[in-house]
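Please report on the salt bridges, the hairpin and the nonpolar surface of this model. Keep it brief.

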Amino acid sequence: MGLDALLLSRLQFALTIGFHYLFPPLTIGLGVILVFMEGMYVRTGDRHYEQAARFWTKIFAATFAMGVASGIVMEFQFGMNWSAYSRFVGDVFGSALAAEGIFAFFLESGFLAVMVFGWDRVSKRLHFFSTVMVALGSIFSAIWIVVANSWQQTPAGFHLVERDGVLRAEITDFWALVFNPSSMIRLAHVIVGALILGAFFAMSIAAWYALKGRHAPFVRRTFAASLVVGLLASLAAPITGHYHATVVAQHQPTKLAAFEGHFHTGEGGAPMYLFGFPDEEEQRVRAGIAVPGLLSFLVHGDFDATVPGLDRFPREDWPPVALPFYSFHIMVALGLLFILLTLLAAWYYRRGTLFSRRWLMWILVFAVAGPYAANQLGWIAAEVGRQPWIVWGLQRTSEGLSPAVRSSEVLASILLFSVIYLALFAIWIFVLNNKIQHGPDEPEGDVAPAREPELQIAG
Amino acid sequence: MDLHIFWFATLGVLLIGYAILDGFDLGVGILHLGARSDEERRIFMNSIGPLWDGNEVWLVTFGGALFAAFPGAYATAFSAFYLPLVLVLFALIFRAVSLEFRSKHESRAWRRFWDCTFFGGSALATFLFGVAVGNVMQGIPVGPDREFTGTFLGLLTPFPLLVGALTVATIAMHGAIYLHLKTEGELQQRIHGWMWRAFGFFLVFYLLATIYTLVQLPAATANFHDMPLAWAVVLLNVLAIANIPRAIHHGRPFYAFLSSAAVIAALAFLFGMALFPNLIVSSLGPEYNLTIYNVASSEKTLRIMRLIAFLGMPFVLAYTTAIYWIFRGKVRLGQFSY
């Protein structure tokens, strides 16, 4: 009841979804790398690829379990903390969630059994098929949840109906719902973000081995796959990001204004701040480095076109500005960094000197923090920028709260989740670290391929 | 068939699927501490290792389907059972990570910790599911705005606690029979004794719960007048219950497993019978009941969802069956096991 429960429920959702989102993008990104590794093994019989696939499967499994555990929390939380929202959007949002269960979760969790436990129970081909099904399942899962979230951002394919005094959104056109104005571009951007994470994660581990002079065949093969995925995805990110931003400009202008710290519409073209410090009270960006007309150009292709600022909208419809602004800007900066790093690494890889560039290897070991941060920051920008709406233009977040839940109950749950998630995170890192230190196994003696040269690593 | 009745039945099928499949996973967890050595405990965990995750999806899909088909009931129930659901989530999280992490480190203290959380998570989740079912059967205070007006402690009354105990006993029995199928040698012989003991507990709680229901919850059997078929389910249930000891005695554990699955299905069916056409019964008065008609999604949504279910579920059943087939037979610990 009241503001307490609302603030606590918001915080809890942020905490639980932030924790959950450490895992699915890694699952999706590593899934692609894993399909590549095992695919190469099935095609070439190269046992080093087999060992690489088995190693990545173990990493994948530990991550997947955490994703599942934290994922159920999300499904339940809509009903638990946001029952009014659930009543309002059940037809639409609930359908997407149910579809996710039927088409995605069963697929990935089912075939995970064969992928993790079935190496010695099924043929090479059937095992590879299972790996592909798991990777596909994780992507299908992304589709449905992004469709659901996108409907919150740009609702379509529905009409409002009052039943028993309760206003509800009911489906009028299922395909319009699924292909709502933002779902496909957001899906592309989310997948790209996941691929970047998977690639950097793999490179981080491989770079570590390279620095220690271990597992040369594994390192080479991992870099071959990850560099391709990482570079292509890093280059794709600003493209999908740009088109995404144009959709936001069209359908969620206050969100774009918050991203850009665009308080005052002004005359003519709108500037873009490369960086600055938005001041919500004074409604300006302090110490802002502005490029005149750039925002107008990016949104409309015309340096003088008008881009509405926050001043064009009622105050009660404004999102917070600072958090989306910083999240968005830091994410973009990181995105540029990813392009730089992957280009650099690819350049040296082509020249055959990548593994002797110890400074770059060290950077790549730690660089995985970048995609992790970027993925989270992007979502923070998207969801905080969506405020005050839980369904754009139709229901405010404050209106979606569960009336029956007391603030003391939410306080209890938020404390419980915080403690448990902190502990689980530490344990996940511990288990991963153990696996990484152990490393991939060497292929068995009698069918081992010819010994490969050690990595050329400068002293 | 009326779309609303179709979805009530489908939710029942999803619930039965979950109870039978994740039932044996949770049952193994409840019995886990009965395993003495590290190897035995690994055998227990690996008997469900490849399967538990897929089985848990039935719960997620049940929740999603409830949200999609009867959002008003999903909203009322999940906010009403707030703290119990927090505990259920906590329990399921620990069940999942215990399985995944237990054998990843050699330390005895580490393994013992996860053995306890595997047991605790499995037992707590099972018990709370039963408490929820008991409350739904008994009715919870829901007012004209369809919101819960009760308290957490108000959910812990005798009948729900009894149903909680019954659920733990049933699931433990189901898990014991499953373990008996998957193990061999001396361990299997010990589990043979567990099956009998679990059956005993089940029988006691089943009788108590049945008597209580017949005496204190007349509404639970109200539907039997309109649907005599329900009596057939009662009869089949009794036969299935009787067949469990018979099958165990005759050394046919697979039939015992099928029978305990049938018992779970029958109990879930009777739960549905007790409820129909309500989803949430209000203890403040029947005019406040949430029914399959007054909290449903639109007809169009129900139809779309039915199509999704018809498209998706045959695939799910097919590949799930294939995957179970791949992992048939006794548990063998290998390099890929937990």
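The report below covers a hairpin, a surface patch and several salt bridges.

This is a predicted model, in which local features need pLDDT of at least 70, side-chain atom pairs count only at pLDDT 80 or more, and totals for chains, interfaces and linings use all residues. Residues are numbered from 1 along each chain as its sequence is written, chains are lettered from A and ligands numbered from 1 in the order in which they are written, and side-chain values use heavy atoms, leaving out hydrogens and water.

**Hairpin in chain A**

Helices (H or I, at least four residues) and strands (E, at least two) are DSSP runs, numbered from the N terminus. Two strands pair if DSSP finds at least two bridges between them. Strand 1 (residues 158–163) and strand 2 (residues 166–171) of chain A pair in the antiparallel sense, over six bridges. A:L160 stands opposite A:A169 of strand 2. The two strands form a hairpin with two residues between them. In the turn, A:D164 has a positive phi of about 50 degrees.

**Nonpolar patch on chain B**

Patches are made of residues with over 30% relative accessible area and no salt bridge; nonpolar side chains (Val, Leu, Ile, Met, Phe, Trp, Tyr) are joined within 5 Å, like charges within 9 Å. Areas come from the Shrake-Rupley method with a 1.4 Å probe; for residues, only the protein chains shown count as cover. B:L203, B:L207, B:I211, B:L214 and B:V215 make a nonpolar surface patch of about 470 Å². B:I211 is found in helix 8 (residues 185–216) of chain B.

**Salt bridges**

A salt bridge is a side-chain nitrogen of Lys or Arg within 4 Å of a carboxyl oxygen of Asp or Glu.

| Pair | N to O distance |
|---|---|
| A:D279 and A:R286 | 3.4 Å |
| A:D317 and A:R396 | 2.6 Å |
| B:R332 and B:E184 | 3.2 Å |

Buried means under 20% relative accessible area, exposed over 50%, partly exposed in between (1.4 Å probe, protein chains only). A:D279 is buried at 15%, and A:R286 is partly exposed at 37%.

A:D317 and A:R396 meet in a salt bridge. A:D317 lies in the loop between helix 10 (294–300) and helix 11 (322–351) of chain A, and A:R396 in strand 6 (residues 395–396), so the pair ties together parts 79 residues apart in sequence. A:D317 is buried, at 15%.

B:R332 and B:E184 also form a salt bridge. This pair links distant parts of the chain, 148 residues apart. B:R332 is exposed at 56%; B:E184 is partly exposed at 42%.

B:D38, B:R41, B:R102, B:E106, B:R111 and B:D115 are linked in a salt-bridge network.
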